[in-house]
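The report begins with single residues and ends with the whole chain.

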Amino acid sequence: ELLAEWKADAVGVNCATGPAGVYEMLTRMKGPGLPLVAIPNAGMPQQIDGRLAYMTTPEYFQIYARRLYKAGANAVGGCCGTTPDHIRKIVAAARMVAGGSHGIDAPGGGMREDGPRRSLEVAPGVQIVATADKGELGKKLGTKFVVSVEINPPPGLTLESALEGARALKRGGVDVINVADGPRASARMGNLALCLRIQQEVGMPSLMHVTSRDRNLLGQVAHLLAAHELGVRNLVVITGDPPKMGDFPHASAVYDTDSIGMLRLITAMNRGYDPGGKALGGATQFLCATGAEPGAHDYEREIDRLREKVDAGAELVMTQPVYDAKVLDRMLRDIEPLKIPVLVGLLPLASYRNAEFLHNEVPGMQVPEPIRERMRAAGPGEAGRNEGIAIAREMLSAVKDRVAGAYVMPPFGRHETALRVIEGIVR
């Protein structure tokens with residue numbers, strides 16, 4: 001406050017014991033309204049084999065850089081112990097918070113190190129494919145109530161159980177199978193394999209999640225081109241849960257871009273360009289869905305990012321699980337000008353303990369207190385599962401006339417639960 005009185009142009013914090021300490025102090029310095037600068041140490045140095053070493057990893061630095069930017073920091077850097085790798089992670093965090101990749105804004109989405117964004121061009125000889133012409137899912141959007149159910153790849157070697165679930169869901173009238181990409185940062189078989197087998201052996205379209213967590217830009221392009229060649233062309237583009245949530249918390253996160261940057265990249269490929277701005281000699285025909293959280297704590301930011309996602313090429317919105325129709329109504333009103341179809345997310349609760357876990361420990365999830373109380377009153381076991389299904393059915397009935405479809409996430413892979421949710425309501 002005194003520095004503000006003395007007409008300082010900016011204030012900041014440096015050193016401390018690492019990013020967490022700097023974050024705590026910076027959030028207390030917002031009052032005077034000056035630009036804020038955060039320059040933390042790479043942790044406290046430790047003696048290792050007679051030498052001082054700073055132990056904070058670049059990945060941890062990236063996580064806190066994102067938090068600092070979101071808390072209001074105008075600039076983030078590094079003090080003692082910072083390496084080029086730490087700085088690169090800060091750069092990646094800046095791109096993510098700004099809603100873009102390292103300049104995937106040149107003609108065709110080419111990578112640019114400088115300059116303003118430029119409108120995407122279409123490669124010579126390429127024709128843009130409309131959503132309705134992008135396979136079975138594209139045709140159904142807007143013409144029928146689309147039901148998508150999530151089946152995840154196994155943590156082991158066999159896909160047979162997942163394929164049996166997909167067959168049962170097809171018999172039950174489900175339109176498309178959603179296949180997550182290492183959900184909650186767990187170590188699983190790559191979802192491309194399951195998507196391909198669902199399409200080939202079950203005979204129904206798949207929706208393949210693509211996160212920016214595990215692959216750098218080159219790996220991401222290779223993954224996408226391989227999926228396109230194999231006929232897996234419906235994508236859910238998301239940033240992805242951080243590795244610290246999962247089975248291997250010390251695994252590195254890549255995050256060369258976030259979901260918005262990846263949507264721009266895929267849109268460029270759909271227009272015939274690779275990320276370097278070179279013509280592909282054709283164009284991909286991906287249908288791109290994206291995620292949204294109707295009950296986000298920072299709701300305005302969520303809506304702003306959703307607008308950016310649509311501008312970047314998203315053709316379908318799939319929400320996080322919703323348990324309050326009023327929360328969804330607000331989002332539907334606010335995004336109506338975007339003219340984009342929405343699948344409402346439904347996650348039938350399995351128990352009171354499950355509801356508490358989702359509410360308190362899963363990012364982006366909010367289970368209202370009255371819903372949690374209903375689950376508590378229902379008790380454990382079959383009674384609790386039945387109450388969770390009843391809650392999901394009530395939500396679906398309340399909103400089905402205002403959305404393009406439903407995205408059902410059955411707990412613990414119980415596909416029969418998904419069929420009970422939609423029974424008699426949409427089929």
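Cys 15 sits in strand 1. In this predicted model, Cys 15 has a positive phi of about 65 degrees, although it is not a glycine. With a relative accessible area of 26%, Cys 15 is partly exposed, because that value falls between the 20% limit for buried and the 50% limit for exposed.

Lys 7 also has a positive phi, near 70 degrees, and is a residue other than glycine. Lys 7 belongs to the loop between helix 1 (2-5) and strand 1 (11-15). Its relative accessibility is 70%, so Lys 7 counts as exposed.

**An aromatic pair**

A pair of aromatic rings is described by the distance of the centres and the angle of the planes. How many aromatic pairs does the count come to? The count comes to one. The ring centres of Tyr 23 and Tyr 64 are 6.1 Å apart and the planes lie at 70 degrees, so the pair is edge-to-face. The cut-off for that class is an angle over 60 degrees. The pair links distant parts of the chain: Tyr 23 is in helix 2 (residues 19-26) and Tyr 64 is in helix 3 (residues 58-71), 41 residues apart.

**A residue in helix 9**

Ser 259 is located in helix 9 (residues 259-270). Is Ser 259 buried or exposed? Its relative accessible area is 2%, so Ser 259 is buried. Leaving aside residues up to four places away in sequence, Ser 259 touches Val 237, Ile 238, Thr 239, Arg 305 and Lys 309.

The table lists the accessibility of several residues.

| Residue | Relative accessibility | Class |
|---|---|---|
| Lys 7 | 70% | exposed |
| Cys 15 | 26% | partly exposed |
| Tyr 23 | 30% | partly exposed |
| Tyr 64 | 13% | buried |
| Ser 259 | 2% | buried |

**The whole chain**

The protein chain has 15 helices and 13 strands. Its radius of gyration is 23 Å, close to the 22 Å that the globule rule gives for 427 residues, so the chain is as compact as a globular protein of that length. Along the principal axes, the C-alpha atoms fill a box of roughly 70 × 60 × 50 Å.

Of the 427 residues, 49% count as buried. Among contacts with a separation of 6 or more, 74% are between residues 24 or more positions apart. The accessible surface comes to about 19,800 Å², and 52% of it belongs to carbon and sulfur atoms. The chain carries 49 positive and 48 negative charges, and their mean positions are 2 Å apart.

Note on methods:
Residues numbered from 1 in each chain as written. Predicted model: local features only at pLDDT ≥ 70, side-chain atom pairs only at ≥ 80, totals over all residues. Heavy atoms only, no water. Helix = DSSP H or I, 4+ residues; strand = E, 2+ residues; numbered from the N terminus. Rg over C-alpha atoms; globule rule 2.2 N^0.38 Å. Buried < 20%, exposed > 50% of the residue type's maximum accessible area, 1.4 Å probe, protein only. Contact = heavy atoms within 4.5 Å. Areas by Shrake-Rupley, 256 points an atom, 1.4 Å probe, with all protein chains shown as cover. Lys, Arg positive; Asp, Glu negative; His and termini not counted. Charge placed at Lys NZ, Arg CZ, Asp CG, Glu CD. Phe/Tyr/Trp six-rings, centres within 6.5 Å; stacked < 30°, edge-to-face > 60°.
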